[in-house]
Amino acid sequence: MFHRLLPVLLACTTSLSAAQSIYSWKDANGQVHYSDMPPADAKTRTIRQAPLAPAATQNNGRPVITESFAEKEQAFRRRRAEAAEAEDKARKDKAEDERKQKECADLRRYLAGVTGGQRMGRYNDAGEVIMMDDDERAAEAEHTRATLERNCK
């Protein structure tokens, strides 16, 4: 019976000692000592550090599942892709805003020209210039104002 119990006891003590730190120091005579408890008055050297605290547990005692390297890599790539998409969207929004501002400035200049009383003309299908009369200029000004109100707030 003792022969069967001895390996079990050795396995238990080995696993317990593996979880402790081991310290080394020299005494006044120069003799080296090893122990799991360092002396208070001697300069010690740590040979093996005790393992860190066990994995955190949730409220009901189950261990917290940590992510694998592949999952961390996948999450990193997903965050990087989302950041690139956000940057691309911001760049497109900025370009669209600049285009809209330019279009509104062009419409305001055109409205100033139409309402300024100067002569204006249009090209017909044959490529000839046809001058606008006052009624056409007033209609064009009204159309341009409506476009400005609708698109350039």
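Modeller: Buried means under 20% relative accessible area, exposed means over 50%, and partly exposed lies in between (1.4 Å probe, protein chains only). This is a predicted model, in which local features need pLDDT of at least 70 and side-chain atom pairs count only at pLDDT 80 or more, while totals for chains, interfaces and linings use all residues. Residues are numbered from 1 along each chain as its sequence is written, and side-chain values use heavy atoms, with hydrogens and water left out.

Biologist: How many helices and strands does the protein have?

Modeller: There are 3 helices and 5 strands. From the N terminus on, they run α-β-β-β-α-β-β-α. Helices (H or I, at least four residues) and strands (E, at least two) are DSSP runs, numbered from the N terminus.

Biologist: What share of the 153 residues do buried residues make up?

Modeller: They make up 12%. The protein exposes about 13,300 Å², and carbon and sulfur atoms supply 55% of that area. Such areas come from the Shrake-Rupley method with a 1.4 Å probe; for residues, only the protein chains shown count as cover.

Biologist: Then which residues are in the largest nonpolar core?

Modeller: That core has 9 residues: C104, L107, L111, V114, M120, M132, A141, L148 and C152. Helix 2 (69–115) and helix 3 (134–151) each supply at least two of its residues, and helix 2 gives the most, with 4. A nonpolar core is a set of buried Ala, Val, Leu, Ile, Met, Phe, Trp, Tyr and Cys residues joined through side-chain atoms within 4.5 Å.

Biologist: What does L107 touch in there?

Modeller: Not counting residues up to four places away in sequence, L107 touches T144, T147 and L148. Contact means heavy atoms within 4.5 Å.

Biologist: And G113, buried or exposed?

Modeller: G113, a residue of helix 2, counts as buried because its relative accessible area is 12%. Leaving aside neighbours within four places in sequence, G113 is in contact with Q118 and M120. The C-alpha atoms of G113 and A141 are separated by 9.1 Å, although the two residues are 28 apart along the chain.

Biologist: Changing topic: how many salt bridges does a search of the whole structure find?

Modeller: It finds 11. A salt bridge is a side-chain nitrogen of Lys or Arg within 4 Å of a carboxyl oxygen of Asp or Glu.

Biologist: Which residue does D88 meet in a salt bridge?

Modeller: D88 meets R91, at 2.9 Å from N to O. Both lie in helix 2, 3 residues apart, about one turn of the helix. D88, R91 and K92 are linked in a network of salt bridges. D88 has a relative accessible area of 26%, so D88 is classed as partly exposed.

Biologist: Which residue forms a salt bridge with E103?

Modeller: The partner is R99, with the closest N and O atoms 2.9 Å apart. E103 is partly exposed at 34% relative accessible area, and R99 is partly exposed at 43%.

Biologist: What about R145 in helix 3, and how many residues apart are R145 and E142?

Modeller: They are 3 residues apart in helix 3, so about one helical turn separates them. R145 is partly exposed, with a relative accessible area of 37%.

Biologist: Now the strands. How many bridges join strand 1 to strand 2?

Modeller: There are 4, and the two strands run antiparallel; strands pair if DSSP finds at least two bridges between them. K26 has V32 of strand 2 as a bridge partner. The two strands form a hairpin with 5 residues between them, and G30 in the turn has a positive phi of about 90°.

Biologist: Why is S24 classed as buried?

Modeller: S24 is buried because its relative accessible area is 9%. This residue belongs to strand 1 (residues 22–26). Beyond neighbours within four places in sequence, its contacts include V32, Y34 and I47.

Biologist: Which residues form a nonpolar patch on the surface?

Modeller: V32, Y34 and I47 do, with about 290 Å² of accessible area together. Patches are made of residues with over 30% relative accessible area and no salt bridge; like charges are joined within 9 Å, and nonpolar side chains (Val, Leu, Ile, Met, Phe, Trp, Tyr) within 5 Å. Y34 lies in strand 2 (residues 32–35) and is exposed, at 54% relative accessibility.
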